[in-house]
Amino acid sequence: MGKVTGFLEFDRYEQHYAPVADRVRHFNEFLIPLDESTLRQQGARCMDCGIPFCHTGCPVNNIIPDWNDLVYHDQWREAIEVLHSTNNFPEFTGRLCPAPCEEACTLNIDDAPVTIKSIESAIADRAWQEGWVVPDVPAAGTGKRVAVVGSGPAGMACAQQLARAGHDVTLFEKNAKAGGLLRYGIPDFKMAKHLIDRRVSQMEAEGVSFRTGTHVGVDLETGELARDYDAVVLAGGSEKARDLPVEGRDLRGVEFAMDFLSRQNRRFSGESLGEGEEISAAGKHVVVIGGGDTGSDCIGTSFRQGAVSVTQLEILPMPPEKPDKATSWPLWPLRLRTSSSQAEGAGREWSVATNRLSGADGAVSILHAVRLDERMREIPGTEFELKAELVLLAMGFVHPIHEGMVDEFGVELDPRGNVLADTDNYATTQPKVFAAGDMRRGQSLVVWAIREGRQCARAVDEFLTGSSSLPR
């Protein structure tokens with residue numbers, strides 16, 4: 001490392017957010033970037049670790065110490081080259097990844113890890129500003145055709161890698177625009193959608209053909225893909241939402257989180273909302289059931305739409321504010337985390353189960369709940385009610401949608417209902433059909449999707465040509 005005493009001289013300094021009162025008035029990104037001198041100083045904090053655990057904490061195995069050091073030495077162009085060697089879309093992960101690398105950082109033993117995520121985002125943003133991100137066009141084609149179904153981070157990463165290997169790649173997307181849940185699930189205030197658009201343009205220049213508005217298994221038969229392509233990659237995500245089977249579930253105003261979020265994203269971009277009733281939090285008491293990232297996104301979106309109040313319910317107990325580093329480090333610890341959306345004024349209730357929903361004239365108005373003990377059993381006498389004019393179900397996803405494409409291909413499923421494929425060759429039980437991302441591993445992080453897309457691309461390349469120079 002260039003500054004071997006940096007971790008002793010400089011404190012951790014994180015990016016800040018715009019004030020809550022300002023940011024809830026719009027749907028734009030509100031993160032305030034660090035200036036260049038501060039970023040270089042933060043890069044200098046990276047220790048000369050004997051074993052850089054951040055490598056193993058990062059699902060794409062980013063070479064984190066190298067680009068930290070390059071930023072410290074003001075070698076930004078070299079830094080983006082190192083970053084791109086393991087990650088196709090660092091501007092996505094720099095905004096959305098929960099940073100398991102920072103949890104694994106050696107300095108996190110003292111709760112002051114290197115600001116890896118901030119540096120990663122800054123490297124990517126600077127590379128685009130300076131014009132360093134250009135199409136990587138292969139010198140020659142292989143003559144092989146590959147269909148990738150699903151244009152989320154797994155599908156995009158897989159398609160880009162395969163195109164750079166010289167294959168003729170077509171990326172199929174059922175929605176009007178590419179991006180998957182990056183576009184239709186992640187709110188714009190967390191990641192602006194022009195970041196996806198410029199990557200799509202880069203990929204098109206590299207030879208990837210995008211066929212949006214094409215729902216494989218619905219308006220395009222899977223047999224066509226099997227017949228017309230040398231390999232097919234299923235990267236359609238995990239979209240079967242976990243439901244809430246209680247009395248009153250069918251009342252108006254009880255909605256799946258993703259229906260709520262996707263409508264807002266379409267509205268913000270000027271895209272048609274499609275079929276179904278309008279879902280809005282304006283002027284309503286909102287209850288979000290589910291304490292994860294999707295629930296948090298519902299909170300931030302509700303406040304920006306003008307909700308009167310937002311309460312988030314979690315069935316699990318509240319985790320500790322500080323983990324026991326002696327037993328958790330360098331692994332991802334169970335600890336209390338507060339997102340920027342939760343910090344905007346949401347009430348949070350732990351160890352709570354929803355018993356039923358009630359209302360009038362077919363619309364929900366009250367959520368009936370009960371508190372649970374440490375063994376998740378109902379505690380007698382702890383029943384309570386919440387005003388609930390909009391109830392958003394954000395309890396995760398159980399597996400990919402089977403009807404249509406998955407059923408038609410006839411691929412075998414694992415015990416959880418995901419498409420069965422291993423992480424060596426990503427091959428399904430059907431000839432020349434592969435699977436990657438949430439469709440294979442279940443709901444997960446954007447960084448895991450990129451990893452799987454890259455690794456699947458190498459497996460497909462080896463399948464088509466007998467060998468591959470693509471990195472895993």
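**Before you start**

The model is predicted, so local features need pLDDT of at least 70 and side-chain atom pairs count only at pLDDT 80 or more, while totals for chains, interfaces and linings use all residues. Residues are numbered from 1 along each chain as its sequence is written, and side-chain values use heavy atoms, with hydrogens and water left out.

Helix and strand names follow DSSP runs, numbered from the N terminus: helices are H or I runs of at least four residues, strands are E runs of at least two.

**Stop 1: H3 and H9**

Select residues 36-44 for helix H3 and residues 116-130 for helix H9. Their axes lie 10 Å apart, and the packing angle is about 130 degrees. An axis here is a line fitted to C-alpha atoms, for helices over the stretch in contact, and angles run from 0 to 180 degrees between N-to-C directions. H3 and H9 are therefore oblique to each other. Angles under 35 degrees count as roughly parallel, over 145 as roughly antiparallel, 65 to 115 as roughly perpendicular, and the rest as oblique.

The crossing of H3 and H9 is left-handed: the near helix is turned anticlockwise from the far one by less than a right angle (clockwise would be right-handed). Now show the side chains. Glu-36, Leu-39, Gln-42 and Gly-43 of H3 make the contact with Ser-118, Ile-119, Ala-122 and Arg-126 of H9. Contact means heavy atoms within 4.5 Å. These residues of H3 and H9 divide into three nonpolar, three polar and two charged. Ala, Val, Leu, Ile, Met, Phe, Trp, Tyr, Cys and Pro count as nonpolar, Asp, Glu, Lys and Arg as charged, and the others, Gly among them, as polar.

**Stop 2: H10 and H12**

Next, select residues 153-164 (H10) and 194-205 (H12). The two axes come within 11 Å and cross at roughly 25 degrees. That makes H10 roughly parallel to H12. This crossing of H10 and H12 is left-handed. From H10, the contact uses Met-156, Ala-159, Gln-160 and Arg-164. From H12 come Ile-196, Arg-199, Val-200, Gln-202 and Met-203. By class, the H10 and H12 contact has five nonpolar, two polar and two charged residues.

**Stop 3: the second largest pocket**

Now pick His-84, Trp-132, Val-133, Val-134 and Arg-164, the closest to the centre of the second largest pocket among its 15 lining residues. Its volume is about 260 Å³. H6 (76-84), H10 and H12 each supply at least two lining residues. H6 gives the largest share, four residues. The lining has four nonpolar, five polar and six charged residues.

On a 1 Å grid over the protein atoms alone, a pocket is an open set of points with protein on both sides within 12 Å along at least five of seven lines, and lining residues have an atom within 4 Å of a point. Points are joined across faces, edges and corners, and the volume is the space filled by probe spheres (1.4 Å probe) set on them.

**Stop 4: H14 and H15**

Select residues 257-269 (H14) and 293-305 (H15). Their axes come within 10 Å and cross at roughly 50 degrees. That makes H14 oblique to H15. H14 passes H15 in a left-handed crossing. Residues in this contact include Phe-260 and Leu-261 of H14 and Cys-298 of H15.

**Stop 5: two backbone spots**

Go to Asp-74, in the loop between H5 (64-72) and H6. Its phi is near 65 degrees, a positive value in a residue other than glycine. Finish at Pro-330, in the loop between H16 (325-328) and strand S11 (347-349). A cis peptide bond joins Trp-329 and Pro-330, with omega about 5 degrees.
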